[in-house]
Amino acid sequence: MTSSTTDFLSTARRVIRREAEALGMLADSLDGAFSAAVDLILKSQGRVIVSGMGKSGHVARKIAATLASTGTPAQFVHPAEASHGDLGMVMRGDVALVLSNSGETPELADIIAHTRRFDIPLIGVASRAESTLLRQSDVALVLPPAPEACEQGIVPTTSTTMTLALGDALAVALMEHRAFTPDQFRIFHPGGKLGARLSRVRDLMHPDAPLVNHDAPMGDALLMMSAKGFGVVGVTDADGYLQGIITDGDLRRHMAGLLDLAAGDVMTAAPRTIGPDALAETAVRIMNDKKITCLFVVDPEGSQTVAGLLHIHDCLRAGIA
């Protein structure tokens, strides 16, 4: 390892540790103002308007996105654009969350004045309690005096990390208070890996599951297996409840005189099943653990009425692995 590499690693570790220490200071500094900010947002009938300039603006965009995706309607408004017409996006019923490390960012003046003029609640986040932003705010969230990660103390690093974490804390507090569910989360995240992981079994299953009665001749069972193409067939009793399953393995075990048998003679009884509202990821885990390729989906009330069939390939196509 060269001396340059050692220096780089030393710098990286110093930066990360300094920011981690700052996050600890932030956690310890939280007080009733944080709870007041959450209450203010909960009472709002509109959106959370998040604004900031420069690096604080980038953080504000992320906070707005996190709030919006976890059940709190939110929108980022650029303070400079707000001064040229976008103040019309900030309305009575909204609550403003404005970020500025110094609390004196001049581009924020118009949006702050707008909230005061129209009685729009203002939550300010800054590092100086006596700053213009925090003095004008209905709720002031003060960042602790943690040094920036660079040795010169001038690059927004630690301060932006703390602001970002504070936004996450607000979002999660609101999310947990509202009992925001994975189903609701999936509504806002339908695409990509995350959306796939939150898919329900009913979203991926085949409703036309291959089924035969337990008294059906094995010739009929074989035709059903071939027609559906899943390599399995479910066996039901006289009431239509799932009794068992016939797989390729069952066929091999009963090869001698197979066509003289009924489906109930060949089936494996009490197969593993899953409910339609279970997460598809749970189904994949079960199939992997049991080394099987499909699950019959049954009525969640315990009646064993078949609602469909889920195959491992359906999950793989959806991006769940």
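Residues are numbered from 1 along each chain as its sequence is written, and side-chain values use heavy atoms, with hydrogens and water left out. Because the model is predicted, local features need pLDDT of at least 70 and side-chain atom pairs count only at pLDDT 80 or more, while totals for chains, interfaces and linings use all residues.

**View A. Packing of helices α3 and α7.** Helix α3 (residues 55–69) packs with helix α7 (residues 158–177) at an angle of about 15°, the axes being 9 Å apart; helices are DSSP runs of H or I of at least four residues and strands are runs of E of at least two, numbered from the N terminus, and axes are lines fitted to C-alpha atoms, for helices over the stretch in contact, with angles from 0 to 180 degrees between N-to-C directions. The two helices are therefore roughly parallel (angles under 35 degrees; over 145 is roughly antiparallel, 65 to 115 roughly perpendicular and the rest oblique). On the α3 side the contact (heavy atoms within 4.5 Å) involves residues including Lys-55, Val-59 and Ile-63, and on the α7 side residues including Thr-160, Leu-164 and Asp-168. The contact residues comprise six nonpolar, four polar and three charged (Ala, Val, Leu, Ile, Met, Phe, Trp, Tyr, Cys and Pro count as nonpolar, Asp, Glu, Lys and Arg as charged, and the others, Gly among them, as polar).

**View B. Packing of helices α2 and α7.** Helix α2 (residues 32–43) meets α7 at an angle of about 55°, with 10 Å between their axes, which makes α2 oblique to α7. Phe-34, Ala-37, Val-38, Ile-41 and Leu-42 of α2 touch Leu-166, Ala-169, Leu-170, Ala-173, Leu-174 and His-177 of α7, and these residues divide into ten nonpolar, one polar and no charged.

**View C. The buried side of helix α14.** In helix α14 (residues 280–290), the buried residues are Ala-280, Ala-283, Val-284, Ile-286 and Met-287, where buried means under 20% relative accessible area, exposed over 50% and partly exposed in between (1.4 Å probe, protein chains only). They lie on the same side of α14 because they cover an arc of only 160° around the axis, the arc being that of the directions from the helix axis to the C-beta atoms. Their cover includes α10 (201–204), β10 (273–274), β11 (294–298), β12 (306–311) and α15 (312–317).

**View D. Surroundings of Pro-147.** Pro-147 lies in the loop between β5 (139–142) and α7 and is partly exposed, with a relative accessible area of 49%. Not counting residues up to four places away in sequence, Pro-147 touches Arg-18 and Thr-158.
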